[in-house]
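Please read it alongside the sequence and the coordinates.

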Amino acid sequence: MKKIAFLILFSVIVTISMAGNVTLINPLGPTTIPIAPIMKGVVTGSATINVKLWQNTDEAIAMIASNQTDFAVLPVTLGAILYSKGIKISLLGVYEWKAFYLVVSSGATFTGWKSLVGKSVYTPEGRGQTVDVLMRYMMSQDGITPDKDVKIYYLQPQEIVALFRSGKIDYAALPEPFVTMAIAGGYGKIALDFQKVWGEEMNLPDRIPIAGLFVMDNFAISHPQTVIDVEQTFERSIEWMNQNTDQALEISKTYLSIPISILKESMKRMEFYYVPVSKCKSDVEIFLSKLNELYPQGMPSVPGKDFYEY
Amino acid sequence: MKILFGILIFLILWQIFSVILNVPLILPSPYLTFESLYHLALQRETYQAIFSTVWKSLLVLLIVIAIGTPVGFLMGINESVYQIFRPAITVVQAVPVISWLALVIFVWGIGWKGPVVISFLSLLPISIFTTATGVRSTDRNLIEMAKVYKVSQIRIIRTIYLGSLVPFIFSTVEVIIGDVWKVIIVSEYLCGSDGIGVLISWARQYVDVPRIYALTIIAVALGITSERFVKFFFRKALKKWQIQS
């Protein structure tokens, strides 16, 4: 009898704790630092957030498509692409605003895009990623034809860093922390802040909605309270990181293979602060519609209002 | 006829599996894929990419045969040469491409050279070992007999070994023709500036999964066609060659 009572009690406890258990997937890399306070239990909310780190987009897509997660931290562009492919996902807020820079090797100069005519720029992964589209846009604004006047080459960021430091590459458009990895030790300098130029062109603050917190619609509809709670915890985790950068780096160390000194330096050029979508919808809309206009293959359609609410 | 039936079974299985899985983002249905293939067929850049991949593959095939066969031949007829070369070639064979990717790009840059060098180094060991093994297994009785009749070493090499060289080249081509496409496409993906691998990389970038599968179909078609062609052509050529000698 006692045993049965114990079993019932035990299962009740398990069920209660299960209800407050949510899964969140987050990219591995510098974006791990803002979430590290949650992972290490420094910042907690009433729901227990189970964070899983993803390394490449395929992993994230597979987990989202197979409903293995409730929340996802994703590049805003990837979220919008998934939404356009019929995945029921909504943007809750944007939290990464600065990361992209043009670096120039110490032997080369940059005085506007025109000075790159006849030269080559390297940028990560492939055609259509954020900094590639931004760069193509800025080039054409300055009367330069990308691919024709200036060659654009795609390569893994690690390879770009290695070749930049060995003097083989003079110009690279990179996200942090690769910017710092490329120029650390006097191998080059930052020639252009993409956020600043973007802001000037668009008459917006100098920031780009790079990455945000997303929720799966079916989860959000059945757990509206939990969504609010997770959003608040997420925001507090970023705040904690901004106030205690050194400690945040220290507790992120176990997840990242990048040296702390590099991360610390690159954090100076990145900006993380949480803005709920209600306060930054126009930033996101302008950004996504510009991407769609410039590179429709990469961003086939601009997400409708369901993308911003569930 | 049987082949068509086989393809049909494959397509039905694919359809069933994609319906069961029901995640077009991971496995698109055959219909979606062929629709994407149709769009690809209308684009000029698709043909440019195919052309680029094809000529790179042919070039790799040519260099691999031109270097692999003589080296493999020397290793086959001389045991010391075999022992000296074997470790280095085994290392080249075992090292994963990504480990020396930066080195290749540093020396040859992005463009057609990088993918060609990577593919060449990946396939060279196969060519060398196929030839070496072939030479080593040349009919010992023939050689013994030649020795009994005091035929000079030079003549043995010329008539018996070199005489069996043609089949070695054929078998090398047969072995690597199926792999060369895969290797070229992967290396284009990693450090190319054009070709099917680059198109796959871009399609992946914007999560256009049907397009990835459609490009894969093109790659598979290239692989199967070239393999069939080589088998057919070589069987004929080999017959002719055997009659002549």
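Predicted model: local features only at pLDDT ≥ 70, side-chain atom pairs only at ≥ 80, totals over all residues.

Residues are numbered from 1 along each chain as its sequence is written, and chains are lettered from A and ligands numbered from 1 in the order in which they are written.

B:Gly114 belongs to helix α6 of chain B, residues 113-136; helices (H or I, at least four residues) and strands (E, at least two) are DSSP runs numbered from the N terminus. Is B:Gly114 buried or exposed? B:Gly114 is buried, because 23 other C-beta atoms lie within 10 Å, and the terms are set so that 20 or more such neighbours within 10 Å make a residue buried, 12 or fewer make it exposed, and values in between make it partly exposed, with C-beta atoms placed from the backbone. B:Thr133 is 19 residues from B:Gly114 in sequence, and the two C-alpha atoms are 29 Å apart in space.

## Chain B as a whole

Chain B contains 11 helices and zero strands. Its C-alpha trace spans about 70 × 50 × 30 Å along the principal axes. Of its 245 residues, 32% count as buried, and among contacts in chain B with a separation of 6 or more, 75% join residues 24 or more positions apart.

## Where chain B meets chain A

In the contact between the chains, 15 residues of chain B face 22 residues of chain A. On the chain B side, α5 (101-108) and α10 (196-205) each supply at least two residues, and α5(B) gives the most, with four residues. By class, this side of chain B has 12 nonpolar, three polar and no charged residues, counting Ala, Val, Leu, Ile, Met, Phe, Trp, Tyr, Cys and Pro as nonpolar, Asp, Glu, Lys and Arg as charged, and the others, Gly among them, as polar.

## The largest nonpolar core

A nonpolar core is here a set of buried Ala, Val, Leu, Ile, Met, Phe, Trp, Tyr and Cys residues joined through C-beta atoms within 7 Å. The largest such core has 144 residues, of which A:Val103, A:Ile160, A:Ala172 and A:Ala182 touch the most other members. Helix α9 of chain B (residues 165-191) contributes the largest share, 11 residues. Domain 1 (2-97 + 210-307) and domain 2 (100-202) of chain A both give residues to this core, so it lies between them; these bounds come from an automatic or database domain assignment.

Not counting residues up to four places away in sequence, A:Ala172 touches A:Val103, A:Val121, A:Tyr122, A:Thr123, A:Ile160, A:Phe164 and A:Ala182.

## Strand β5 of chain A

Strand β5 of chain A (residues 100-105) is largely enclosed by the rest of the structure, because six of its six residues are buried. Both faces are covered, with A:Phe100, A:Leu102 and A:Val104 buried on one side and A:Tyr101, A:Val103 and A:Ser105 buried on the other.

β5(A) runs antiparallel to strand β8 (residues 171-175) of chain A, to which five bridges join it, and A:Phe100 stands opposite A:Pro175 in β8(A). Five bridges also join β5(A) to the antiparallel strand β9 (residues 188-193) of chain A, where A:Lys189 is the bridge partner of A:Val104. Pairing of two strands requires at least two DSSP bridges between them.

## The two domains of chain A

The centres of domain 1 and domain 2 of chain A, taken over C-alpha atoms, are separated by 28 Å. Their contact takes 17 residues from domain 1 and 13 residues from domain 2. On the domain 1 side, α12 (260-267) and α13 (281-294) of chain A are the elements that give two or more residues, with α12(A) giving the most, four residues. The residues on this side of domain 1 divide into 11 nonpolar, four polar and two charged.

Methods:
Contact = placed C-beta atoms within 7 Å.
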